[in-house]
Amino acid sequence: MTGAPRLLVLWCPDWPVVAAGAAAGISPRVPAAVFSANRVVACSAAARGSGVGRGMRRRDAQSRCAGLVVHQHDPDRDARLFEPVAAAVEAQAVGVEVVRPGIVAVPVDGAAGYFGGEEALAELLLDEVGARAGVECQVGIADGLFAATLAARRAVLVPRCGTKEFLAPLPIAELNQPGDDRGELVGLLQRLGLRTLGAFAALAESDVAGRFPSDAITAHRLARGLSERPPVRRALPPDLTVTEDFEYPLARVDEAAFVAKTLGERFFAGLARHGLACTRLTITALTEAGEERVRVWRCAEPLTARTTADRVRWQCEGWLTARNGERPSAGIVRLRLDPEEVVGGQALQLQLGSMGRDADAAERAGRALVRIQGLLGPDSVVTPLLDGGRGPAERVRLVPWGEPRRALTEDRPWPGRLPAPSPSFVPPRPPVAVVLDAVGDVVRCTERGELGYPPATVAVDGGPARRVLGAAGPWIVRAERPLVRIQVVLEGAEDDIALLLKADVGDDPQWRVEGVYD
């Protein structure tokens, strides 16, 4: 096992709202929310007190809070205004890493020893950020970035080697942090009854790897209090660093934005040639006056060409627009990008194989799908979502592209619902089946939910009758037209066949194949 480093995380609550308010000259205590695509991405404590929450539509949010101040999402603004906070932390501690605007991480051991302990270090940084940046924040300390971030949200200093115990009772939804996109995994774990991080951590790693999506392996490591992924155990090639010298110093934000895109693509392509992806990036700037500025960005997911360019642009903008005394006295004449931490290329999938050309593929595809919806209507592009229901077909809900993918009825009681596993194939037009008992009569189900006699043979869609090796059920759906479902295993020429059958309850059932198990 790879242990996680001990980190201090400083967290600025509701940072997108704080940054938007600061840019607009609005107090952070007023009810306000930041919107992206007409949905709330962050809101102030005053807005939450009125019932506003993340993911809520703008109209719903404004109906709950009449005086709600509306801001548009602007990642550049968030990063630019967060630079004074990172600088304030860096004035007292070395090794500061920006996780994202609103969160910085600091290695604990060296700084805590110098300042007289972890608690003293935490108090010092809180005072320093409040005095220099004028921002309210919270601090947490734990083993690993994930645990330290959750500790910061609770203002807790977790004892050494106590991270696993700290994480165990926390809800499984904590795995879906902003930017992680683990909503579907969290929903799956909740449906399986894994409600806490401790319950998920108790699963064997081999079971998680074999039965869950690939992102579950990283989530399982986090739930166990380990680092996100094992480090690459090999020496890094010397040519991964990317440096750019400028004949004319960069002094404007638009100049930095253009340079950032080129550097991001070069940096990403260099890593891709060696089958690597970066998760911790150091950006170094040298000014015409000989000043050097250094900032480290830590990322939960491997950087693409676009996300690398974003961080370079944000950082340059933060340096070039800082307040007097913190702003460089001259323009930037050199930029250098260094990969401080890398992972294997499989963590990035398509982008590594495309050498940077597909870094924006998802965004381009999204725009194309929106155009199709504009031509053919919103229901012309849909994605499937597993939701509540009794049968396999009715549990699949088609969600129009762009709408939130959230299960709406999964947690409701569903009498007569089929147990796991679900069929691997559901025929769009269920074929007819003839289900007979041992004496050749059609198998019927009474309104009390009892089969007259167990099934002995099943013939599907006019094919030969196959002997039933085993059966389970029945499951009755009490509806306007009551239904019965049974599972059967049929004898095959080479492999046995498992089917899900359904029919109306009564004396004249018409059996059909509703699903096939792999």
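Predicted model: local features only at pLDDT ≥ 70, side-chain atom pairs only at ≥ 80, totals over all residues.

Colleague: Fine. Helices first. At what angle do the axes of α13 and α14 cross?

Modeller: Roughly 145°. Helix α13 covers residues 253-273 and helix α14 covers 305-320. Their axes come within 7 Å.

Colleague: Left-handed or right-handed?

Modeller: The α13 and α14 crossing is right-handed.

Colleague: Which residues of the two helices make the contact?

Modeller: From α13: V253, A256, A257, A260, K261, G264, E265, F267 and F268. From α14: A305, T308, A309, V312, R313, C316, E317 and L320.

Colleague: And by class?

Modeller: The contact of α13 with α14 has eleven nonpolar residues. Two are polar and four are charged.

Colleague: Switching to voids. How many cavities of 30 Å³ or more are there?

Modeller: One, searching the whole structure. About 30 Å³ of space lies in that largest cavity.

Colleague: What lines the largest cavity?

Modeller: A79, F82, E83, V98, P101, W297 and Q315. Helix α4 gives the largest share of that lining, with three residues. By class, the cavity lining has five nonpolar residues, one polar and one charged.

Colleague: Now the second largest pocket. How much space lies in it?

Modeller: About 650 Å³. The second largest pocket has 25 lining residues. Nearest its centre are V18, P28, G134, V135 and E136.

Colleague: Which helices supply at least two residues of that lining?

Modeller: α1 (15-24), α2 (45-49) and α4 (75-90) each do. The pocket lining splits into 16 nonpolar, four polar and five charged residues.

Colleague: F82 is in the cavity lining. Which ring does F82 pair with?

Modeller: W15. The whole structure has four aromatic pairs, by the search, and W15 with F82 is one of the pairs. W15 and F82 sit edge-to-face, 5.2 Å centre to centre, with 70° between the planes.

Colleague: What does the pair tie together?

Modeller: Parts that are 67 residues apart in sequence, because W15 lies in helix α1 and F82 in helix α4.

Colleague: Last topic, backbone. Which peptide bond is cis, with omega near 5°?

Modeller: The bond from G473 to P474. P474 is found in strand β16, residues 466-477.

Colleague: What about A37? What is its phi?

Modeller: Near 55°. That is a positive value, and A37 is not a glycine.

Colleague: Where is A37 found?

Modeller: In the loop between β2 (32-36) and β3 (39-43).

Colleague: Why flag these two?

Modeller: Because most residues other than glycine have a negative phi, and most peptide bonds are trans.

Technical notes:
Residues numbered from 1 in each chain as written. Heavy atoms only, no water. Axes fitted to C-alpha atoms, helices over the stretch in contact; angles between N-to-C directions. Helix = DSSP H or I, 4+ residues; strand = E, 2+ residues; numbered from the N terminus. Left-handed = near helix turned anticlockwise from the far one by under 90°. Contact = heavy atoms within 4.5 Å. Nonpolar A, V, L, I, M, F, W, Y, C, P; charged D, E, K, R; others polar. 1 Å grid on protein atoms, 1.4 Å probe; cavity = no way out; pocket = protein on both sides within 12 Å on 5 of 7 lines; lining within 4 Å. Points joined across faces, edges and corners; volume = space filled by probe spheres on them. Phe/Tyr/Trp six-rings, centres within 6.5 Å; stacked < 30°, edge-to-face > 60°.
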